[in-house]
Amino acid sequence: MVTAAESSSTTSTATLNRLSVYLRCLRELQRSGTLTISSQALADRFHLSSAQIRKDLAQFGEFGIRGKGYEIAPLAERLHHLLGLDRKRRLVIVGMGQLGTALAGYIHFNDDSFEVVAGFDCDPAKIGRSLRGVPVFAIADLRRTIEETGAEIAVLTVPAAAAVECYDALSAAGVRAVLNFAPASLPERDHVRLKNVDLRTYLEEASFLLSPERSPNDGKS
């Protein structure tokens with residue numbers, strides 16, 4: 001059986017993203033009381049690809065039962081484990097501006113699998129306060145606070161000019177993964193998993209798709 005640690009090093013980002021989608025779909029089916037479902041029925045209901053579902057799941061073992069389909073509860077729990085969601089992951093947010101503060105209160109950053117334990121900012125008016133229930137510390141306290149809280153993941157929402165310095169500080173503090181919302185290119189670190197989330201790029205993609213000059217096949221894979 002493939003472990004969560006092994007899957008993280010051998011599975012593509014696209015596959016991991018789809019596993020997350022499958023898990024949300026399975027949780028919805030659980031809430032509706034559905035016990036089993038075929039890959040085709042799952043695909044039809046959630047506008048997915050049945051062939052892709054089977055291919056993705058086959059990387060992690062045999063889940064389907066011939067003539068019956070997938071048993072939803074055990075498959076959901078298996079994906080929950082593969083995605084490392086069967087333990088609480090503590091997060092910190094560096095940059096408690098509008099985006100950082102909004103993310104601090106985001107329900108999916110504070111659930112059974114994730115918890116925002118601290119925020120950091122350089123604004124004296126925010127330091128020492130609680131924003132969206134998250135205590136805000138000075139950047140100078142970053143290493144100590146991360147060590148005390150055991151935070152593994154950092155969300156970076158600082159201006160581009162401060163991104164590299166903050167990223168270096170997070171790396172030195174022992175953070176294992178960084179979700180980067182800053183509009184800056186960050187260097188790769190062997191011991192830190194980096195995921196860039198460029199909201200501007202997504203907006204520009206949406207703008208392109210709405211452009212009247214675009215041909216009907218542009219943007220289709």
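**Close-up 1. Helices α2 and α3 lie roughly perpendicular to each other in this predicted model.** Their packing angle is about 95 degrees, which falls in the 65 to 115 range and therefore counts as roughly perpendicular. The axes of α2 (residues 13–32) and α3 (residues 39–46) are 11 Å apart. From α2, the contact draws on C25, E28, L29 and S32. From α3, L42, R45 and F46 meet them. By type, the residues of this contact divide into 4 nonpolar, 1 polar and 2 charged.

**Close-up 2. The largest nonpolar core holds 23 residues.** V92, V94, L156, L170 and V178 touch the most other members. At least two residues each come from β4 (89–94), β5 (114–121), α7 (142–149), β8 (153–156) and α8 (160–173). Helix α8 gives the largest share, 5 residues.

**Close-up 3. The surroundings of V94.** Neighbours within four places in sequence are left aside here. V94 is then in contact with F120, I139, L142, V155, L156, T157, V158, C166 and L170.

**Close-up 4. S50 is a buried residue of helix α4.** Helix α4 covers residues 50–58. The relative accessibility of S50 is 12%, so S50 counts as buried, the cut-off being under 20%. Beyond residues up to four places away in sequence, S50 touches S39, Q40 and A43.

Key: Residues numbered from 1 in each chain as written. Predicted model: local features only at pLDDT ≥ 70, side-chain atom pairs only at ≥ 80, totals over all residues. Heavy atoms only, no water. Axes fitted to C-alpha atoms, helices over the stretch in contact; angles between N-to-C directions. Helix = DSSP H or I, 4+ residues; strand = E, 2+ residues; numbered from the N terminus. Parallel < 35°, antiparallel > 145°, perpendicular 65-115°, else oblique. Contact = heavy atoms within 4.5 Å. Nonpolar A, V, L, I, M, F, W, Y, C, P; charged D, E, K, R; others polar. Core = buried A, V, L, I, M, F, W, Y, C linked by side-chain atoms within 4.5 Å. Buried < 20%, exposed > 50% of the residue type's maximum accessible area, 1.4 Å probe, protein only.
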